[in-house]
Amino acid sequence: MGAQQVLETIKEKNVQFVDFRFTDLAGRSHHITLPAEQVDEDTFVNGVAFDGSSIPGFRGIEESDMVMMPDPETSYIDPFTEHPTLIVTCNIYTPDGERYDRDPRSIAQKAEEYLKSTGIGTAAYFAPESEFFIFDDVRFTSGMNKSFYEVDSEEGFWNTGRTEEGGNLGFKVRVKGGYVPVQPVDSQQDIRSEMVRLMQETGLKVERHHHEVATAGQGEINFRFDTLTKTADNLMKYKYIIHNTARQYGKVATFMPKPLFGDNGSGMHVHQSIFNGETPLFYEKGAYANLSELALNYIGGILFHAPALIALTNPSTNSFKRLVPGYEAPVNLVFSKGNRSAAIRIPVAAVTPKGCRIEFRTPDSTANPYLAFAAMLLAGLDGIKRKIDPRALGYGPLDKNIYELSDEEKREIRSVPGSLDEALGALEADHEFLTAGGVFTEGFIENYIAFKRAEAKDVAIRTHPHEYSLYFDC
């Protein structure tokens, strides 16, 4: 869809407002809305101005002027606004007309351009499985003299004895007992179906939805794979629809990796493959899991660079509350076919040559998808260029239940970093693979590390509520 088609859509759909959006460093959306009568062909040539200094991690106040350049192919009708509104995703440019090197979407596009320049393939395809919780009530505060959080859900197993319901209706989801039960245990069938309907209405191709393992409303909706930047665009749309549909139902959705203690967290398993034209490059019939040597090298690159990569794919302090053994969390840097306790799983059920792919299970949805997908691709391409063999480096394949291995066997398996600060240190030491083709710049990486270190420090120095139960009587 070009600019002219967008303008025609505005007339045909009686659109009253056009909402121009971009994604910040942390992966959150921002928008500026124009009356439709103010939008013309020049808008798509000159862009929409905004103050970059007011966006955390973007620009200093002395160079605050920035420009959103609309991408007409991303447009869709907002299903939530009272007044008909068209949403358009933008890239960020400087006033001089240069791509802004801290714009996550531009980084994703440069990663795709770099793939083509290598001659390895023409397109990288991504498909994230982004899990989430739907709660009925969320309360939290973090102040000088108090700090707490409390979430509640009618599905929560802790509510089996609650009387406030006016007669407890039972059918709560047991801890670790939420994987695909039917109604009435799964009380969120209709809300997820409404989410799917709206996703389809806005152009997403949804494959399925279901309740996930944890109690208290954990769910998952899967949409169809696409190229790198388009998939990141789709994930931003996906999260927008989930957040706002939950709100319409009087509930709240979160993609926080570990909102509950003692049950499964929410991950974002990322399926990925490379094609050259119509030819899938990851498939080789009869090999281990039908994987080509190129695919194995791609796996080698991701596992080799994983400690640094995780600073971008799991970029929150809360990410590392999920990345602990025992909760199906893939903390072990090995690959395996069908094994969900490995960092990289190779799906083998009902897989065709074109469907042959790898699944990196470590990431979560606090990741900025443009940065995370680009970083994964660059790590994999580095593995292909350097012919990194994961088997030679002890990364598998490992087809055993890792959690049942002996302590001696476990010691031989490399694990993910144990904290965000550790991951940022790994990124500081190992980021040359990200700068290939100028996709990420040194300046961007330095700024990103500083931005995230400040966040980690803020969490580290705050008193934790659990410390009162441990130390108050000392």
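**Exercise 1.** In this predicted model, find which residue of β4 is the bridge partner of Phe50.

*Solution.* Start with the two strands: β3 covers residues 48-51, and β4 covers residues 65-70. They pair in the antiparallel sense, over four bridges.

**Exercise 2.** Sort the residues of β3 into a covered and an uncovered face.

*Solution.* Then walk along β3: Val48 and Phe50 form the covered face, while Ala49 and Asp51 form the uncovered one.

**Exercise 3.** Work out how many residues of helix α7 are buried, and what covers them.

*Solution.* Take residues 306-313 one by one, with buried meaning under 20% relative accessible area. Ala306, Pro307, Ala308, Leu309, Ile310, Ala311, Leu312 and Thr313 are buried, which gives eight of eight. Next, look around the helix: the elements covering these residues include α6, α8, β18, α9, α11 and α12.

**Exercise 4.** Explore the largest nonpolar core, then look for a second one.

*Solution.* The largest core has 95 residues, and Tyr238, Ile274, Leu377 and Phe440 have the most contacts inside it. Helix α9 supplies the largest share of this core, with 12 residues. Now zoom in on Phe440: leaving aside neighbours within four places in sequence, its contacts include Ile107, Leu371, Ala374 and Ile445. Finally, turn to the second, separate core, which has 22 residues.

Note on methods. Residues are numbered from 1 along each chain as its sequence is written. This is a predicted model: local features need pLDDT of at least 70, side-chain atom pairs count only at pLDDT 80 or more; totals for chains, interfaces and linings use all residues. Side-chain values use heavy atoms; hydrogens and water are left out. Buried means under 20% relative accessible area, exposed over 50%, partly exposed in between (1.4 Å probe, protein chains only). Contact means heavy atoms within 4.5 Å. Two strands pair if DSSP finds at least two bridges between them. A nonpolar core is a set of buried Ala, Val, Leu, Ile, Met, Phe, Trp, Tyr and Cys residues joined through side-chain atoms within 4.5 Å.
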